[in-house]
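Dear colleague,

Please find the structure below, together with its sequence. A summary of the findings follows it.

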Amino acid sequence: MNTVAVIGGTGVYDPSWLHDPKEKTIETPYGQARITQGHLKTAASQSVVFLNRHGLGHSVPPHRVNYRANVWALKALGVRRAVATAAVGSLNLAMGPGSMVLVDQFLDFTKARPATFFDGSDGQVVHTDMTEPYCQASRQKLQMAGELADVSLIMGGVYVTTEGPRFETAAEIRAYRLLGGDVVGMTAVPEVVLARELGICYTTIAMVTNFGAGISPTLLTHEEVVEVMNANVDRLREVLLRALPQLAEDFSCGCPPPRQAPSN
Ligand code: HPA
């Protein structure tokens, strides 16, 4: 069975579902990544790497996450597939707070983040296909796990990634809606891009915590986001626990094969 990873976003910090969890610091060419390694309590032979995206006590804002170190570390630990969680706002009235969306596309409005391993410093020019950034086959496994856990997951959605850390203006939310966005958050890019660059099959369960600015009747706060995450995190964990052993199996998906990582 392959090693799988969970990248925990806002509200998903606790690796207590792992047996014998060991915290480790992984050195990468991009700096250190802190991860927890262990086995599933519910399937003892299944090795899992857990990465808390925002660090201890949610101390790292989205624009300062060391995405390259994190994804590099997963690759170095032999991770084949990764499931990320993300708290998001919704632009789509059919995806209200508490909805879980298996996003299938992104729109990128980030501005100032290192977003590639192939930055040209080694003289290599690499353009990575991003037609289907998220692993479609993994998404189906997650949906089936959701059915077994009696948790409904919405198949497909466009994740608008903003730079943050501020929330959006009402006009931005209107514009993102017109562009076809369904949910909005601050972390999909570059995480999914970097995973694809290293050939890690990557999926995201986006948890809707609020309607976007101007749709929501109230002003947005991080506390509201965390509160709604906390209210739903058990459902999310149920899906993950069922899905991870499935995702660890060998199955073919449409994702391109891994490319040779850059040589730095
Ligand atoms: N906007 C951006 N990121 C978010 C939101 C939002 O409304 N909710 C949770 N993360």
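Strand 5 is largely covered, with 11 of its 12 residues buried. Buried here means under 20% relative accessible area, against over 50% for exposed and in between for partly exposed, with a 1.4 Å probe and protein chains only as cover. Strands (E, at least two residues) and helices (H or I, at least four residues) are DSSP runs numbered from the N terminus.

Please note that this is a predicted model: local features require pLDDT of at least 70 and side-chain atom pairs count only at pLDDT 80 or more, whereas totals for chains, interfaces and linings use all residues. Residues are numbered from 1 along each chain as its sequence is written, and side-chain values use heavy atoms, with hydrogens and water left out.

Pairing of strand 5

Two strands are taken as paired if DSSP finds at least two bridges between them. Strand 5 pairs with strand 11 in the parallel sense over 10 bridges; A87 has M207 in strand 11 as its bridge partner. Strand 1 (residues 3–8) also runs parallel to strand 5, over 5 bridges, and V6 is bridged to V83 there. Strand 10, in contrast, is antiparallel to strand 5 and joined to it by 2 bridges, where G89 is partnered by V184.

The ligand site

The shell around the ligand consists of A87, V88, G89, F167, E168, V184, G185, M186, T209, N210, L220 and V225; a residue is included if one of its heavy atoms lies within 4 Å. Strand 5 (79–90), strand 10 (183–185) and strand 11 (201–211) each contribute at least two residues, and strand 5 gives the most, with 3. By class, the shell has 7 nonpolar, 4 polar and 1 charged residues, where Ala, Val, Leu, Ile, Met, Phe, Trp, Tyr, Cys and Pro count as nonpolar, Asp, Glu, Lys and Arg as charged, and the others, Gly among them, as polar.

G89 places a backbone N or O atom 3.2 Å from a ligand nitrogen atom. The ligand taken alone exposes 260 Å², of which the protein buries 95% (Shrake-Rupley method, 1.4 Å probe).

Yours sincerely

Methods
Polar contact = N/O pair within 3.5 Å; in protein donor to acceptor, adjacent residues only side chain to side chain.
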